Structures are given as structure tokens and as C-alpha cells.
Amino acid sequence: MGNYSHGVGTPSLTSYDRLRVRSQLTNLQRSLAEEVLPPASIASSELQLSVLVIAFAILSPYVTEWDIDRFSEPMQNVTDKTKYFPYPQWGQISDPATVLGVHGRVLVWYLPGIMPLARVEHLNKIHLPLKDSLVKCSKTGGQSKRRFGHRHVPQADGNEMFGHGRLTNSPATFQQAHTRLEDWVYQSSSPRKGVVRQWLQDISYAEEFWNKIAEVVLPDLAQVGKDAISVKGDWVVSQPLSPIPWPSIYLGIDVIVNQETPPHQDQVSAPSLLDLVVSLGTHDSHFHISDIGAKFDYKPGTMIYLAGKVLTHSVPKWGKGEKIALAHYMEDAVHNRFGLPRPPFTQQKHILGKFLQT
């Protein structure tokens with residue numbers, strides 16, 4: 001299994017703790033499979049499910065041998081980083097887990113099955129009207145494609161139920177090549193479209209639920225995100241803004257439909273501004289993080305928080321079904337424009353302490 005650990009500085013944790021949580025999780029998943037969920041709100045059983053998945057993940061850490069600050073620093077004239085930072089080879093991971101730096105800071109939250117299939121089906125329906133609004137190719141050519149790291153699925157033939165392409169949404173972003181403190185901040189054009197405004201309204205209940213999850217697993221990041229949302233109105237250039245309140249603590253949400261994601265690192269965030277990807281659709285793809293030699297099951301209903309600025313990640317070609325991915329990210333330059341600091345990395349021991357107290 002690789003460098004699997006009971007935890008950094010938590011020798012009292014045993015396999016019994018995970019077995020106990022796994023048993024509770026399995027029983028709840030069985031009952032949820034027969035439960036009729038409300039179409040536009042989160043049921044109490046789903047809240048219980050999220051608690052158990054998070055608990056299992058924090059009890060199941062994979063620990064690297066390197067410090068994330070040093071790993072993220074640029075290394076001049078170094079072509080093989082593994083000489084200084086040995087990459088583990090953890091292989092396929094299917095159960096909820098966390099990835100920690102050597103000092104216990106959380107680099108990845110892997111939360112498969114945190115949404116039941118019935119919830120995924122409700123959310124899938126919300127995305128059907130976006131099909132004709134998806135951008136199918138980059139207008140700026142190869143440079144933008146390399147920067148954002150997305151390309152079309154080779155076999156896409158236009159017959160998919162959900163279409164294929166991407167849609168970028170943000171209530172506060174810089175125009176391309178303008179990221180100085182004196183530059184203006186704008187709303188992206190997508191939220192001014194009626195179909196996108198309806199999508200934001202329809203998905204707001206789920207985004208609010210995901211905000212609550214972030215408050216538990218990444219509390220400092222969640223606070224910075226809330227601060228950014230609260231002050232954005234003072235900085236965004238006056239224009240016809242979307243009347244729908246922005247539902248996420250993340251200032252960017254990209255809807256990515258039936259596209260592969262080649263290996264890349266995110267360009268606009270910061271090491272401690274962990275991204276969130278939410279897997280929807282009907283697919284059987286895997287989420288790869290090459291720096292830790294891991295391939296995560298990425299079935300619909302999975303949420304992954306990761307230090308995407310630092311860790312090279314990808315979603316290669318998959319076998320069956322259609323993939324909808326909601327990529328949430330924070331723009332470090334926009335936060336800087338708003339006068340907000342970067343949050344610290346979350347420590348495993350702080351999260352673990354909360355669960356041990358309950």
C-alpha cells in the first residue's frame with residue numbers, strides 16, 4: 001500500500017477506529033440507496049454520510065517524506081525533482097483518505113461517495129440546459145490550452161447527453177494578463193447568461209453544502225473564501241452583474257464536461273489555496289496525482305480537495321459514461337487585490353481532535 005500511516009503524531013490510532021467508521025458508513029450507504037432524497041435540499045442522512053466519509057479520510061492518512069513548503073519552491077536547473085523529493089508510489093486508492101506532508105499538513109482530501117447516487121442524479125439534471133453554452137475550443141489557441149490543461153475527449157462526437165466543452169464562471173476575476181494591484185476586477189461574462197444564472201440558482205443548495213464541508217476540512221481556507229465573497233462588491237467594476245448571489249466560497253467554478261485533463265499544475269491559485277473538484281455524470285474515470293504515484297477512483301459522487309498549485313494532477317481517457325467535473329478554485333492575485341492573506345495549511349491533528357471529541 002505504500003507509505004500508509006496511522007497518522008502524524010497520533011500513535012494511538014488503530015485499525016479498529018477505521019473498521020468502526022467503515023461499518024457505520026456501509027450501513028448508512030445501504031439505507032441511503034433506498035431513500036428518496038429531496039431534489040433541491042440536503043437531507044439529514046446526507047449530512048451524516050459526509051461526517052462519516054470525512055472521519056474515515058482523516059483516520060486514513062498517506063504521509064509523504066517531504067515538507068510541502070520546500071517541495072513547492074522553484075528549483076533552478078533541476079530536471080528531476082525526485083532526486084531531492086522522493087515520490088511515493090501508492091497506486092490505486094478507493095477508500096476515503098488524506099494525503100499529508102511530513103509535518104502533518106493536509107495536501108489532499110479524497111472523499112469518494114460523499115454524495116449518494118440519488119443526489120448525483122439530481123445534480124446531473126441541473127447541467128442538461130448548459131449543453132449549448134459550453135465552449136468547445138479555446139479561442140486563444142494552444143497557449144491557453146496549456147495553461148488551463150484541458151482538451152477534448154478524442155472520441156467526442158457531439159451525441160453526448162451533456163455535450164462537451166467547458167464553462168468558466170466567476171463573480172470577480174482579472175482580465176487576461178492583468179493581475180497587478182492597480183488592475184480592475186471584473187465579473188466573467190458567463191453569469192450574465194440566463195441559462196447560467198438559472199444553473200447558479202439551481203445548484204446553490206449543493207454549493208452551500210460544499211461550503212459547510214470546507215469549513216470542517218479546511219477551516220482557514222473557508223474563512224478566506226467567505227471574506228473574499230463579502231468584499232468583492234467593493235472591487236468589481238460596475239457593470240450589469242448577475243442578480244443571483246454567488247453560492248460558493250470559491251471565486252471560480254469551471255464546468256468541465258466530457259473532457260480529458262492532461263497533467264498540469266494550476267496557475268492562478270497558491271499552495272495553501274486548495275482546489276475542489278466535484279465529480280458528477282455517469283463515468284468510470286480516475287484522478288491521477290503523479291507526485292505521489294496515486295490513482296484515485298473518481299466515480300460520480302466524489303469530492304477531492306487538493307493543493308493543485310503544487311501537485312501535478314490529471315484525468316486521462318476513461319472507459320464508459322459521461323463526465324461532469326466542477327472545478328472550484330481561488331485566484332491568489334484577486335485575493336491579493338482584495339487585501340486578503342493566504343491561509344495556512346490545515347493540520348491533521350487539529351481536524352482529528354475535533355472528531356475525537358465527538
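1. A residue counts as buried when its relative accessible area is under 20%. Phe71, at 1% relative accessibility, is therefore buried, and Trp66 falls in that class too because its relative accessible area is 2%. Please keep in mind while reading on that this is a predicted model.

2. Now to the rings: there are six aromatic pairs by the rule used here. One of them joins Tyr62 and Trp90, a tilted pair with 5.1 Å from centre to centre and 55 degrees between the planes. This pair links distant parts of the chain, since Tyr62 lies in strand S1 (residues 61–63) and Trp90 in the loop between helix H3 (68–72) and strand S2 (91–93), 28 residues apart. Tyr62 and Trp90 are both buried.

3. Finally, the helices. H1 (residues 15–32) and H2 (residues 44–58) have axes that come within 10 Å and cross at roughly 150 degrees. Because angles over 145 degrees count as roughly antiparallel, H1 is roughly antiparallel to H2. The crossing of the two is left-handed.

4. Which residues of H1 meet H2? They are Arg18, Val21, Arg22, Gln24, Leu25, Leu28, Gln29 and Leu32. On the H2 side, the residues they meet are Ser45, Gln48, Leu49, Leu52, Val53, Ala55 and Phe56. By class, this contact of H1 with H2 has nine nonpolar, four polar and two charged residues.

Terms used
Residues numbered from 1 in each chain as written. Predicted model: local features only at pLDDT ≥ 70, side-chain atom pairs only at ≥ 80, totals over all residues. Heavy atoms only, no water. Axes fitted to C-alpha atoms, helices over the stretch in contact; angles between N-to-C directions. Helix = DSSP H or I, 4+ residues; strand = E, 2+ residues; numbered from the N terminus. Parallel < 35°, antiparallel > 145°, perpendicular 65-115°, else oblique. Left-handed = near helix turned anticlockwise from the far one by under 90°. Contact = heavy atoms within 4.5 Å. Nonpolar A, V, L, I, M, F, W, Y, C, P; charged D, E, K, R; others polar. Phe/Tyr/Trp six-rings, centres within 6.5 Å; stacked < 30°, edge-to-face > 60°. Buried < 20%, exposed > 50% of the residue type's maximum accessible area, 1.4 Å probe, protein only.
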